[in-house]
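Let's walk through this model together, from whole chain to single residue. Please keep the 3D view open as you read.

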Amino acid sequence: MHIAEGFLPPLHAAAWTAISLPFVIFSARRVTRLMHDQPQTKLLLAASGAFAFVLSALKLPSVTGSCSHATGAGLGAILFGPSVMALLGTIVLLFQALLLAHGGLTTLGANVFSMAIVGPWVAYGLLRGTQNLNAPLAVSVFLAAMLGDMATYTVTAGQLALAFPDPASGVAGSFIKFIGVFAPTQLPLAVVEGLLTVVIVNFLREYSSDELQRLKFLPEILTAEARL
Amino acid sequence: MQAIDHYAWTNRWRNRHPLEKLLPALTLLLLTLVLPPLRIGPLALAGTTLATVGGAGIPLKTVLGVLAAPAAFLLAGIPFLAISLSFNDGFSLHFSPDGLQLALETSVRALAAVGCLSFLTLTTPMADLIPLVRRAGVPAGIIELILLIYRLIFVFAERALTGRQAQAARLGYSRFDRGLRSTGLLAGNLFQRALARARRLEIGLAARGYAGDLKVLQLEWPLSWPRLALAMTLVGLTGLASGWI
(Lines give C-alpha, C1' and ligand atoms only; values in the text may rest on other atoms or scores of the structure.)
Protein backbone atom coordinates (compact mmCIF):
# COMPACT_ATOMS: atom_id res chain seq x y z
CA MET A 1 0.00 0.00 0.00
CA HIS A 2 1.70 3.16 -1.18
CA ILE A 3 0.97 6.38 0.67
CA ALA A 4 -0.28 8.75 -2.04
CA GLU A 5 1.54 11.93 -3.05
CA GLY A 6 0.75 14.83 -0.72
CA PHE A 7 -1.13 12.64 1.77
CA LEU A 8 1.34 13.16 4.61
CA PRO A 9 1.73 16.58 6.25
CA PRO A 10 5.02 18.29 5.23
CA LEU A 11 6.80 17.72 8.56
CA HIS A 12 6.05 14.01 8.53
CA ALA A 13 7.10 13.66 4.90
CA ALA A 14 10.41 15.40 5.70
CA ALA A 15 11.00 13.32 8.83
CA TRP A 16 10.47 9.99 7.06
CA THR A 17 12.76 11.10 4.27
CA ALA A 18 15.43 11.95 6.84
CA ILE A 19 15.01 8.55 8.50
CA SER A 20 15.25 6.61 5.24
CA LEU A 21 18.14 8.57 3.79
CA PRO A 22 21.02 6.97 5.79
CA PHE A 23 19.82 3.46 4.85
CA VAL A 24 19.60 4.36 1.16
CA ILE A 25 23.00 6.09 1.18
CA PHE A 26 24.59 3.10 2.89
CA SER A 27 22.99 0.82 0.32
CA ALA A 28 24.07 3.07 -2.57
CA ARG A 29 27.68 2.98 -1.31
CA ARG A 30 27.58 -0.79 -1.14
CA VAL A 31 26.08 -1.10 -4.62
CA THR A 32 28.60 1.38 -6.04
CA ARG A 33 31.42 -0.70 -4.58
CA LEU A 34 29.90 -3.90 -5.99
CA MET A 35 29.61 -2.28 -9.42
CA HIS A 36 33.14 -0.95 -9.22
CA ASP A 37 34.68 -4.29 -8.32
CA GLN A 38 32.70 -6.12 -10.99
CA PRO A 39 31.31 -3.94 -13.80
CA GLN A 40 28.87 -6.64 -14.90
CA THR A 41 27.03 -6.36 -11.56
CA LYS A 42 25.46 -3.19 -12.93
CA LEU A 43 23.62 -5.10 -15.64
CA LEU A 44 22.55 -7.81 -13.24
CA LEU A 45 21.21 -5.24 -10.78
CA ALA A 46 19.47 -3.35 -13.56
CA ALA A 47 17.74 -6.52 -14.75
CA SER A 48 16.76 -7.32 -11.17
CA GLY A 49 15.40 -3.82 -10.54
CA ALA A 50 13.32 -3.90 -13.71
CA PHE A 51 12.10 -7.37 -12.72
CA ALA A 52 11.05 -6.09 -9.30
CA PHE A 53 9.07 -3.28 -10.92
CA VAL A 54 7.29 -5.60 -13.34
CA LEU A 55 6.61 -8.09 -10.53
CA SER A 56 5.00 -5.38 -8.45
CA ALA A 57 2.79 -4.47 -11.41
CA LEU A 58 1.62 -8.08 -11.96
CA LYS A 59 -1.92 -8.53 -10.77
CA LEU A 60 -2.24 -11.18 -8.08
CA PRO A 61 -5.12 -13.59 -8.15
CA SER A 62 -7.21 -12.27 -5.31
CA VAL A 63 -9.83 -13.95 -3.18
CA THR A 64 -12.24 -11.06 -3.26
CA GLY A 65 -11.83 -10.40 -6.96
CA SER A 66 -10.41 -6.97 -6.33
CA CYS A 67 -7.16 -6.18 -8.05
CA SER A 68 -4.13 -6.36 -5.86
CA HIS A 69 -0.39 -6.30 -6.36
CA ALA A 70 2.61 -8.07 -4.91
CA THR A 71 5.20 -5.96 -3.12
CA GLY A 72 8.11 -8.22 -4.09
CA ALA A 73 10.01 -7.01 -1.04
CA GLY A 74 10.24 -10.51 0.43
CA LEU A 75 11.51 -12.09 -2.79
CA GLY A 76 13.98 -9.24 -3.28
CA ALA A 77 15.36 -9.64 0.23
CA ILE A 78 15.69 -13.41 -0.26
CA LEU A 79 17.48 -13.04 -3.62
CA PHE A 80 19.65 -9.98 -3.07
CA GLY A 81 19.79 -9.38 0.65
CA PRO A 82 18.30 -6.37 2.44
CA SER A 83 21.29 -4.05 2.12
CA VAL A 84 21.02 -4.06 -1.68
CA MET A 85 17.21 -3.96 -1.56
CA ALA A 86 17.19 -0.52 0.11
CA LEU A 87 18.57 1.08 -3.06
CA LEU A 88 16.79 -1.16 -5.58
CA GLY A 89 13.50 -0.68 -3.69
CA THR A 90 13.96 3.09 -3.68
CA ILE A 91 14.53 3.11 -7.45
CA VAL A 92 11.49 0.88 -8.02
CA LEU A 93 9.33 3.12 -5.79
CA LEU A 94 10.56 6.17 -7.70
CA PHE A 95 9.51 4.60 -10.99
CA GLN A 96 6.16 3.58 -9.53
CA ALA A 97 5.58 7.19 -8.49
CA LEU A 98 6.62 8.61 -11.85
CA LEU A 99 5.32 6.00 -14.31
CA LEU A 100 2.23 4.70 -12.51
CA ALA A 101 1.36 7.57 -10.12
CA HIS A 102 1.45 5.08 -7.22
CA GLY A 103 3.03 6.80 -4.25
CA GLY A 104 4.82 10.09 -4.77
CA LEU A 105 7.92 12.19 -4.42
CA THR A 106 7.04 13.78 -1.08
CA THR A 107 5.93 10.46 0.42
CA LEU A 108 8.87 8.57 -1.11
CA GLY A 109 10.76 8.57 2.21
CA ALA A 110 7.83 7.08 4.13
CA ASN A 111 7.18 4.46 1.46
CA VAL A 112 10.87 3.58 1.23
CA PHE A 113 10.99 3.08 4.99
CA SER A 114 8.06 0.67 5.07
CA MET A 115 8.64 -1.18 1.79
CA ALA A 116 12.36 -1.05 1.01
CA ILE A 117 13.80 -1.06 4.53
CA VAL A 118 11.52 -2.65 7.15
CA GLY A 119 9.86 -5.24 4.86
CA PRO A 120 13.11 -6.67 3.43
CA TRP A 121 14.92 -6.69 6.80
CA VAL A 122 12.06 -8.52 8.50
CA ALA A 123 11.86 -11.00 5.62
CA TYR A 124 15.60 -11.58 5.64
CA GLY A 125 15.75 -11.93 9.43
CA LEU A 126 12.95 -14.48 9.37
CA LEU A 127 14.55 -16.43 6.54
CA ARG A 128 17.86 -16.60 8.40
CA GLY A 129 16.24 -17.31 11.76
CA THR A 130 14.00 -20.11 10.57
CA GLN A 131 16.82 -21.65 8.53
CA ASN A 132 18.97 -21.77 11.65
CA LEU A 133 16.13 -23.67 13.29
CA ASN A 134 16.32 -26.17 10.41
CA ALA A 135 12.86 -25.35 9.10
CA PRO A 136 12.07 -26.64 5.60
CA LEU A 137 12.98 -24.04 2.96
CA ALA A 138 9.39 -23.69 1.72
CA VAL A 139 8.21 -22.84 5.25
CA SER A 140 11.02 -20.31 5.72
CA VAL A 141 10.32 -18.60 2.41
CA PHE A 142 6.57 -18.50 3.07
CA LEU A 143 7.00 -17.00 6.53
CA ALA A 144 9.60 -14.52 5.33
CA ALA A 145 7.51 -13.22 2.44
CA MET A 146 4.22 -13.19 4.36
CA LEU A 147 5.45 -11.60 7.58
CA GLY A 148 7.66 -9.20 5.61
CA ASP A 149 4.47 -8.02 3.93
CA MET A 150 2.64 -7.76 7.23
CA ALA A 151 5.51 -5.75 8.70
CA THR A 152 5.27 -3.34 5.78
CA TYR A 153 1.54 -2.81 6.31
CA THR A 154 1.97 -2.39 10.06
CA VAL A 155 4.60 0.29 9.49
CA THR A 156 2.37 2.05 6.95
CA ALA A 157 -0.52 1.99 9.44
CA GLY A 158 1.83 3.40 12.08
CA GLN A 159 2.99 6.17 9.76
CA LEU A 160 -0.61 7.14 8.99
CA ALA A 161 -1.54 6.99 12.69
CA LEU A 162 1.33 9.30 13.64
CA ALA A 163 0.32 11.75 10.93
CA PHE A 164 -3.40 11.66 11.72
CA PRO A 165 -3.95 11.03 15.44
CA ASP A 166 -7.54 10.41 16.41
CA PRO A 167 -9.17 13.50 18.01
CA ALA A 168 -10.49 11.41 20.91
CA SER A 169 -8.03 8.57 21.45
CA GLY A 170 -4.82 9.88 19.88
CA VAL A 171 -2.22 7.93 17.96
CA ALA A 172 -3.15 4.58 19.52
CA GLY A 173 -6.80 4.85 18.47
CA SER A 174 -5.81 5.96 15.01
CA PHE A 175 -3.38 3.04 14.69
CA ILE A 176 -6.16 0.60 15.61
CA LYS A 177 -8.40 2.21 12.97
CA PHE A 178 -5.81 1.93 10.19
CA ILE A 179 -4.81 -1.60 11.18
CA GLY A 180 -8.52 -2.39 11.17
CA VAL A 181 -8.77 -1.31 7.52
CA PHE A 182 -5.59 -3.09 6.50
CA ALA A 183 -6.07 -6.39 8.31
CA PRO A 184 -9.03 -7.77 6.37
CA THR A 185 -7.75 -6.51 3.01
CA GLN A 186 -4.02 -7.10 3.37
CA LEU A 187 -3.83 -10.28 5.44
CA PRO A 188 -5.15 -12.52 2.61
CA LEU A 189 -2.86 -10.63 0.25
CA ALA A 190 0.16 -11.34 2.44
CA VAL A 191 -0.74 -15.05 2.49
CA VAL A 192 -1.08 -15.05 -1.31
CA GLU A 193 2.26 -13.30 -1.67
CA GLY A 194 3.85 -15.85 0.68
CA LEU A 195 2.55 -18.74 -1.42
CA LEU A 196 3.56 -17.00 -4.64
CA THR A 197 7.10 -16.45 -3.38
CA VAL A 198 7.38 -20.17 -2.55
CA VAL A 199 6.30 -21.05 -6.12
CA ILE A 200 8.87 -18.62 -7.57
CA VAL A 201 11.73 -19.80 -5.36
CA ASN A 202 10.97 -23.46 -6.10
CA PHE A 203 10.89 -22.73 -9.83
CA LEU A 204 14.21 -20.89 -9.70
CA ARG A 205 15.90 -23.61 -7.65
CA GLU A 206 14.74 -26.23 -10.07
CA TYR A 207 15.47 -24.52 -13.38
CA SER A 208 18.10 -21.87 -12.87
CA SER A 209 20.49 -22.84 -10.12
CA ASP A 210 23.40 -21.85 -12.41
CA GLU A 211 22.13 -18.31 -12.70
CA LEU A 212 21.39 -18.16 -8.98
CA GLN A 213 24.99 -18.98 -8.23
CA ARG A 214 26.03 -15.90 -10.19
CA LEU A 215 24.25 -13.68 -7.70
CA LYS A 216 27.23 -13.07 -5.45
CA PHE A 217 25.15 -11.36 -2.80
CA LEU A 218 22.77 -14.29 -2.66
CA PRO A 219 22.46 -16.09 0.65
CA GLU A 220 23.93 -19.54 0.21
CA ILE A 221 20.68 -21.00 1.53
CA LEU A 222 19.07 -21.12 -1.90
CA THR A 223 21.94 -22.69 -3.76
CA ALA A 224 22.78 -25.23 -1.06
CA GLU A 225 21.40 -28.73 -1.37
CA ALA A 226 17.66 -29.04 -1.05
CA ARG A 227 16.27 -29.36 2.43
CA LEU A 228 12.62 -29.57 1.56
CA MET B 1 2.34 3.23 -17.54
CA GLN B 2 2.55 3.07 -21.32
CA ALA B 3 0.21 6.07 -21.57
CA ILE B 4 2.30 8.28 -19.26
CA ASP B 5 5.50 7.36 -21.05
CA HIS B 6 3.92 7.78 -24.50
CA TYR B 7 2.78 11.34 -23.81
CA ALA B 8 6.04 12.20 -22.08
CA TRP B 9 7.87 11.53 -25.35
CA THR B 10 5.33 13.04 -27.76
CA ASN B 11 3.74 16.06 -26.06
CA ARG B 12 4.10 19.62 -27.33
CA TRP B 13 6.55 20.58 -24.57
CA ARG B 14 8.82 17.58 -25.13
CA ASN B 15 11.59 19.75 -26.61
CA ARG B 16 11.67 22.24 -23.76
CA HIS B 17 14.59 22.04 -21.36
CA PRO B 18 13.59 19.65 -18.52
CA LEU B 19 14.52 22.22 -15.88
CA GLU B 20 11.80 24.55 -17.23
CA LYS B 21 9.26 21.89 -16.24
CA LEU B 22 10.94 20.38 -13.17
CA LEU B 23 11.56 23.56 -11.22
CA PRO B 24 8.03 25.05 -11.44
CA ALA B 25 6.42 21.65 -10.80
CA LEU B 26 8.50 20.99 -7.67
CA THR B 27 8.00 24.52 -6.35
CA LEU B 28 4.24 24.25 -6.74
CA LEU B 29 4.33 20.81 -5.12
CA LEU B 30 6.13 22.32 -2.12
CA LEU B 31 3.61 25.18 -1.95
CA THR B 32 0.63 22.81 -1.97
CA LEU B 33 2.15 20.97 0.98
CA VAL B 34 2.99 24.03 3.04
CA LEU B 35 0.09 26.45 2.37
CA PRO B 36 -3.48 25.90 3.62
CA PRO B 37 -4.76 23.09 1.34
CA LEU B 38 -8.32 24.31 0.83
CA ARG B 39 -7.00 27.57 -0.62
CA ILE B 40 -4.00 26.55 -2.68
CA GLY B 41 -5.28 23.08 -3.62
CA PRO B 42 -7.99 23.98 -6.16
CA LEU B 43 -5.79 26.71 -7.65
CA ALA B 44 -2.82 24.38 -8.03
CA LEU B 45 -4.96 21.62 -9.50
CA ALA B 46 -6.55 24.01 -11.99
CA GLY B 47 -3.17 25.49 -12.88
CA THR B 48 -1.43 22.20 -13.50
CA THR B 49 -4.37 20.79 -15.46
CA LEU B 50 -4.44 23.92 -17.61
CA ALA B 51 -0.70 23.67 -18.26
CA THR B 52 -0.88 19.93 -19.03
CA VAL B 53 -3.94 20.06 -21.28
CA GLY B 54 -3.73 23.57 -22.74
CA GLY B 55 0.03 23.93 -22.84
CA ALA B 56 1.49 20.50 -23.48
CA GLY B 57 -1.55 19.29 -25.43
CA ILE B 58 -2.27 16.13 -23.45
CA PRO B 59 -5.88 14.87 -23.60
CA LEU B 60 -7.93 15.72 -20.50
CA LYS B 61 -9.01 12.06 -20.30
CA THR B 62 -5.41 10.93 -19.79
CA VAL B 63 -4.84 13.53 -17.08
CA LEU B 64 -7.99 12.42 -15.26
CA GLY B 65 -6.86 8.82 -15.58
CA VAL B 66 -3.59 9.62 -13.85
CA LEU B 67 -5.39 11.58 -11.13
CA ALA B 68 -7.69 8.61 -10.53
CA ALA B 69 -4.77 6.36 -9.55
CA PRO B 70 -4.42 7.64 -5.97
CA ALA B 71 -8.17 7.99 -5.62
CA ALA B 72 -8.43 4.42 -4.31
CA PHE B 73 -5.99 5.29 -1.56
CA LEU B 74 -7.94 8.41 -0.66
CA LEU B 75 -11.25 6.55 -0.64
CA ALA B 76 -9.81 3.95 1.73
CA GLY B 77 -8.28 6.51 4.08
CA ILE B 78 -10.81 9.33 4.20
CA PRO B 79 -13.71 7.64 6.05
CA PHE B 80 -11.31 6.62 8.78
CA LEU B 81 -10.14 10.16 9.35
CA ALA B 82 -13.72 11.36 9.66
CA ILE B 83 -14.72 8.65 12.14
CA SER B 84 -13.31 8.93 15.61
CA LEU B 85 -12.58 6.04 17.94
CA SER B 86 -12.97 6.62 21.65
CA PHE B 87 -12.01 4.51 24.66
CA ASN B 88 -13.64 6.77 27.28
CA ASP B 89 -16.81 4.83 27.86
CA GLY B 90 -15.80 1.38 26.78
CA PHE B 91 -15.32 1.41 23.06
CA SER B 92 -17.26 3.66 20.73
CA LEU B 93 -17.12 5.02 17.22
CA HIS B 94 -18.56 8.39 16.41
CA PHE B 95 -18.52 10.90 13.62
CA SER B 96 -16.16 13.81 14.15
CA PRO B 97 -16.58 17.18 12.38
CA ASP B 98 -12.88 18.00 12.95
CA GLY B 99 -11.99 14.70 11.37
CA LEU B 100 -14.13 15.46 8.34
CA GLN B 101 -12.41 18.81 7.93
CA LEU B 102 -9.03 17.06 8.15
CA ALA B 103 -10.16 14.43 5.65
CA LEU B 104 -11.29 17.10 3.20
CA GLU B 105 -8.05 19.08 3.55
CA THR B 106 -5.93 15.95 3.14
CA SER B 107 -7.70 14.78 -0.01
CA VAL B 108 -7.57 18.21 -1.62
CA ARG B 109 -3.86 18.47 -0.78
CA ALA B 110 -3.14 14.99 -2.12
CA LEU B 111 -5.05 15.61 -5.37
CA ALA B 112 -3.27 18.92 -5.95
CA ALA B 113 0.10 17.27 -5.26
CA VAL B 114 -0.70 14.47 -7.72
CA GLY B 115 -1.64 17.19 -10.21
CA CYS B 116 1.86 18.69 -9.92
CA LEU B 117 3.51 15.30 -10.21
CA SER B 118 1.42 14.23 -13.21
CA PHE B 119 2.20 17.49 -15.01
CA LEU B 120 5.87 16.66 -14.63
CA THR B 121 5.66 13.01 -15.64
CA LEU B 122 3.29 13.60 -18.56
CA THR B 123 5.46 16.30 -20.12
CA THR B 124 8.99 15.07 -19.40
CA PRO B 125 10.44 11.63 -20.18
CA MET B 126 12.32 9.96 -17.33
CA ALA B 127 15.42 9.80 -19.49
CA ASP B 128 15.51 13.64 -19.45
CA LEU B 129 14.77 13.98 -15.74
CA ILE B 130 17.19 11.48 -14.28
CA PRO B 131 20.43 13.09 -15.49
CA LEU B 132 19.33 16.25 -13.63
CA VAL B 133 19.63 14.50 -10.27
CA ARG B 134 23.33 13.99 -10.95
CA ARG B 135 23.75 17.60 -9.86
CA ALA B 136 22.12 16.69 -6.56
CA GLY B 137 25.14 14.50 -5.80
CA VAL B 138 23.90 11.08 -6.93
CA PRO B 139 26.91 9.08 -8.19
CA ALA B 140 27.17 8.53 -11.95
CA GLY B 141 27.07 4.75 -11.53
CA ILE B 142 23.72 4.87 -9.75
CA ILE B 143 22.30 7.13 -12.46
CA GLU B 144 23.33 4.65 -15.14
CA LEU B 145 21.73 1.91 -13.11
CA ILE B 146 18.47 3.89 -12.95
CA LEU B 147 18.50 4.54 -16.70
CA LEU B 148 19.17 0.87 -17.43
CA ILE B 149 16.25 -0.12 -15.19
CA TYR B 150 14.05 2.39 -17.03
CA ARG B 151 14.91 0.78 -20.35
CA LEU B 152 14.51 -2.80 -19.16
CA ILE B 153 11.15 -2.17 -17.46
CA PHE B 154 9.50 -1.83 -20.85
CA VAL B 155 11.25 -4.89 -22.25
CA PHE B 156 10.11 -7.05 -19.34
CA ALA B 157 6.61 -5.55 -19.16
CA GLU B 158 6.00 -6.62 -22.73
CA ARG B 159 7.19 -10.13 -21.95
CA ALA B 160 5.03 -10.33 -18.84
CA LEU B 161 1.98 -9.29 -20.84
CA THR B 162 2.66 -11.84 -23.59
CA GLY B 163 3.31 -14.58 -21.04
CA ARG B 164 0.11 -13.83 -19.16
CA GLN B 165 -1.93 -13.93 -22.37
CA ALA B 166 -0.40 -17.26 -23.30
CA GLN B 167 -1.15 -18.67 -19.84
CA ALA B 168 -4.69 -17.31 -19.87
CA ALA B 169 -5.30 -18.87 -23.29
CA ARG B 170 -4.37 -22.25 -21.75
CA LEU B 171 -6.82 -21.74 -18.86
CA GLY B 172 -3.98 -20.89 -16.50
CA TYR B 173 -6.18 -18.47 -14.59
CA SER B 174 -9.41 -20.44 -14.56
CA ARG B 175 -9.22 -21.24 -10.85
CA PHE B 176 -7.67 -19.51 -7.86
CA ASP B 177 -4.96 -22.11 -7.23
CA ARG B 178 -4.10 -22.29 -10.95
CA GLY B 179 -3.88 -18.51 -11.06
CA LEU B 180 -1.47 -18.52 -8.14
CA ARG B 181 0.69 -21.19 -9.76
CA SER B 182 0.62 -19.44 -13.13
CA THR B 183 1.62 -16.11 -11.60
CA GLY B 184 4.47 -17.80 -9.76
CA LEU B 185 5.70 -19.56 -12.89
CA LEU B 186 5.41 -16.34 -14.89
CA ALA B 187 7.42 -14.40 -12.31
CA GLY B 188 10.06 -17.13 -12.03
CA ASN B 189 10.34 -17.34 -15.80
CA LEU B 190 10.61 -13.57 -16.04
CA PHE B 191 13.43 -13.56 -13.52
CA GLN B 192 15.27 -16.27 -15.40
CA ARG B 193 14.95 -14.27 -18.61
CA ALA B 194 16.03 -11.11 -16.81
CA LEU B 195 19.24 -12.84 -15.75
CA ALA B 196 19.78 -14.20 -19.27
CA ARG B 197 19.20 -10.73 -20.68
CA ALA B 198 21.71 -9.25 -18.24
CA ARG B 199 24.27 -11.83 -19.32
CA ARG B 200 23.71 -11.10 -23.02
CA LEU B 201 24.05 -7.37 -22.39
CA GLU B 202 27.26 -8.10 -20.53
CA ILE B 203 28.78 -10.11 -23.38
CA GLY B 204 27.67 -7.56 -25.96
CA LEU B 205 29.15 -4.68 -24.00
CA ALA B 206 32.35 -6.55 -23.17
CA ALA B 207 32.86 -7.04 -26.91
CA ARG B 208 32.67 -3.25 -27.28
CA GLY B 209 35.27 -2.58 -24.60
CA TYR B 210 32.96 -1.98 -21.63
CA ALA B 211 34.95 -0.97 -18.58
CA GLY B 212 32.35 0.26 -16.15
CA ASP B 213 30.59 3.21 -17.74
CA LEU B 214 28.14 3.47 -20.57
CA LYS B 215 28.77 6.38 -22.86
CA VAL B 216 25.57 7.76 -24.36
CA LEU B 217 24.75 10.96 -26.19
CA GLN B 218 22.52 13.13 -24.05
CA LEU B 219 20.25 15.40 -26.06
CA GLU B 220 20.69 18.97 -24.89
CA TRP B 221 17.84 21.45 -25.17
CA PRO B 222 18.57 25.15 -24.79
CA LEU B 223 17.34 26.48 -21.45
CA SER B 224 15.07 29.48 -21.99
CA TRP B 225 15.40 31.82 -19.02
CA PRO B 226 12.36 33.93 -19.99
CA ARG B 227 10.14 30.84 -20.09
CA LEU B 228 11.49 29.59 -16.77
CA ALA B 229 10.99 33.03 -15.22
CA LEU B 230 7.43 33.18 -16.56
CA ALA B 231 6.59 29.73 -15.18
CA MET B 232 8.08 30.56 -11.79
CA THR B 233 6.17 33.86 -11.70
CA LEU B 234 2.91 32.02 -12.41
CA VAL B 235 3.69 29.55 -9.63
CA GLY B 236 4.51 32.42 -7.27
CA LEU B 237 1.27 34.21 -8.22
CA THR B 238 -0.69 31.00 -7.52
CA GLY B 239 0.85 30.94 -4.07
CA LEU B 240 0.05 34.60 -3.45
CA ALA B 241 -3.49 34.28 -4.83
CA SER B 242 -4.21 31.51 -2.33
CA GLY B 243 -3.61 34.01 0.47
CA TRP B 244 -6.19 36.35 -1.02
CA ILE B 245 -9.17 34.09 -1.40
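This is a predicted model: local features need pLDDT of at least 70, side-chain atom pairs count only at pLDDT 80 or more; totals for chains, interfaces and linings use all residues.

Residues are numbered from 1 along each chain as its sequence is written, and chains are lettered from A and ligands numbered from 1 in the order in which they are written.

Let's begin with chain B. An automatic or database domain assignment divides chain B into domain 1 (2-124 + 224-244) and domain 2 (133-207). The C-alpha centres of these two domains of chain B are 31 Å apart. Chain B has 10 helices and two strands, where helices (H or I, at least four residues) and strands (E, at least two) are DSSP runs numbered from the N terminus. Along the sequence, the order in chain B is α-α-α-α-α-β-β-α-α-α-α-α.

How far does the C-alpha trace of chain B span along its principal axes? The spans are about 65 × 55 × 35 Å. The radius of gyration of chain B is 23 Å, whereas a compact globule of 245 residues would have one near 18 Å; the radius is taken over C-alpha atoms, and the globule rule is 2.2 Å times the number of residues to the power 0.38.

Now zoom in on a helix pair. Helix H1 (residues 2-10) and helix H6 (residues 97-123) of chain B pack at about 65 degrees, their axes 6 Å apart. Axes here are lines fitted to C-alpha atoms, for helices over the stretch in contact, and angles run from 0 to 180 degrees between N-to-C directions. Ile4(B), Tyr7(B) and Ala8(B) of H1(B) meet Thr121(B), Leu122(B) and Thr123(B) of H6(B), a contact being C-beta atoms, placed from the backbone, within 7 Å.

Between the chains, the contact takes 56 residues from chain A and 68 residues from chain B. On the side of chain A, helices H1 (10-37), H2 (41-57), H4 (82-100) and H7 (170-207) each supply at least two residues.

Finally, look for His102(A), in the loop between H4 and helix H5 (108-132) of chain A. Why does His102(A) count as buried? Because 24 other C-beta atoms lie within 10 Å, and a residue is buried at 20 or more, exposed at 12 or fewer, and partly exposed in between, with C-beta atoms placed from the backbone. Leaving out residues up to four places away in sequence, His102(A) touches His2(A), Gln96(A), Ala97(A) and Ala69(B).

Notes
Two residues are in contact if their C-beta atoms, placed from the backbone, lie within 7 Å.
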